[in-house]
Amino acid sequence: MNLIEANHIEKSFGELQVLRDISMHVAQGEVVAIIGPSGSGKSTFLRCLTQLETADRGEITICGKQMMRTENGNAVFADPKTLHEITLCAGLVFQNFNLFPHRSVLQNVTDAPIRVLGISKAEAEKTARSLLEKMNLSDRADYYPCQLSGGQQQRVAIARALALNPRVLFFDEPTSALDPELTGEILRVIRQLAEEHMTMVVVTHEMAFARDVADRVIFMDGGVIVEQGRPEEIFGDAQNERTRAFLSSFAQN
């Protein structure tokens, strides 16, 4: 079963076309890594899937619910109730954490379940503490974001996303704001989630992670999907010259 279906997605900002006829799917339990140079459209595509941007044309279905379709050349979006249901189905982890600075770690994780799902405070805190233990942050529940390292803040952000019990997790370059040592903390968490068969789409510049953890790798450039396949195919036997040039530049760094 595919939890994500995106077909013929197009997106422009003024005269600049950022996405050109993008189509992809993600099966339940699959981990898909999206790689590519800056400006390739990968983060914009992710933002279209998570309702942070509105695609101009195409069709998007998340968790069996159609988010958008095209009629007479224009995008038509689902009703607010359906869009809200899709939001609850899909969690998003930002690259810059986006935690509430005036709330404790525990409050950051429990806020959405209480306000959005109507879960009792006691139940939300029980779930939150379990997730913080999973993130190796049990002793940081009463801390505030400013008292945490970047890696710890990102792990709180992952716990917050998981607290809504999503079927899909999206990551937008989750390690780009971290130094190499802290990057390892986050990649270990994502690896653990992959082992638990969490469906994930990860926009990343971490090539080793994409190679070792993803079930499928998508290489984007110039607003199109240039090539996709299993990690061993993309990293070991890429068919497109642009893909090979991009991966070669990383090998030399």
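Is C146 buried or exposed? With a relative accessible area of 73%, C146 is exposed. The model under discussion is predicted. It contains one disulfide, and its largest nonpolar core has 36 residues.

**Cysteines**

- The disulfide joins C63 and C89, whose sulfur atoms lie 1.7 Å apart.
- C63 sits in the loop between strand 4 (57–62) and strand 5 (65–71) and C89 belongs to helix 2 (residues 80–89), so the bond ties together parts separated by 26 residues in sequence.
- C63 is buried at 11% relative accessibility, and C89 is also buried, at 9%.
- C48 is buried, with a relative accessible area of 1%. The closest cysteine sulfur to that of C48 belongs to C63 and is 17 Å away, too far for a bond.

**Nonpolar cores**

- Within the largest nonpolar core, the residues that touch the most other members are L132, I158, L169, F171, L193 and M200.
- Two or more residues of this core come from each of helix 3 (105–115), helix 4 (121–134), helix 5 (150–162), strand 8 (168–172), helix 6 (180–195), strand 9 (199–203) and helix 7 (207–213).
- Helix 6 makes the greatest contribution to this core, with seven residues.
- When neighbours within four places in sequence are set aside, L193 is in contact with K134, I158, L162, L169, F171, M198 and M200.
- Another core lies apart from this one; it has 33 residues, including M24, L46, I218 and M220.

- Strand 7 (residues 90–93) pairs with strand 8 in the parallel sense over four bridges, and V93 stands opposite F171 of strand 8.
- Strand 9 also pairs with strand 8 in the parallel sense, here over five bridges; D172 has V203 of strand 9 as its bridge partner.
- From strand 8 the chain passes through helix 6 to strand 9, forming a right-handed β-α-β crossover.

Note on methods. Residues numbered from 1 in each chain as written. Predicted model: local features only at pLDDT ≥ 70, side-chain atom pairs only at ≥ 80, totals over all residues. Heavy atoms only, no water. Disulfide = S-S within 2.5 Å. Buried < 20%, exposed > 50% of the residue type's maximum accessible area, 1.4 Å probe, protein only. Core = buried A, V, L, I, M, F, W, Y, C linked by side-chain atoms within 4.5 Å. Contact = heavy atoms within 4.5 Å. Pairing = 2+ DSSP bridges. Right-handed = clockwise from strand over helix to strand, strands pointing away.
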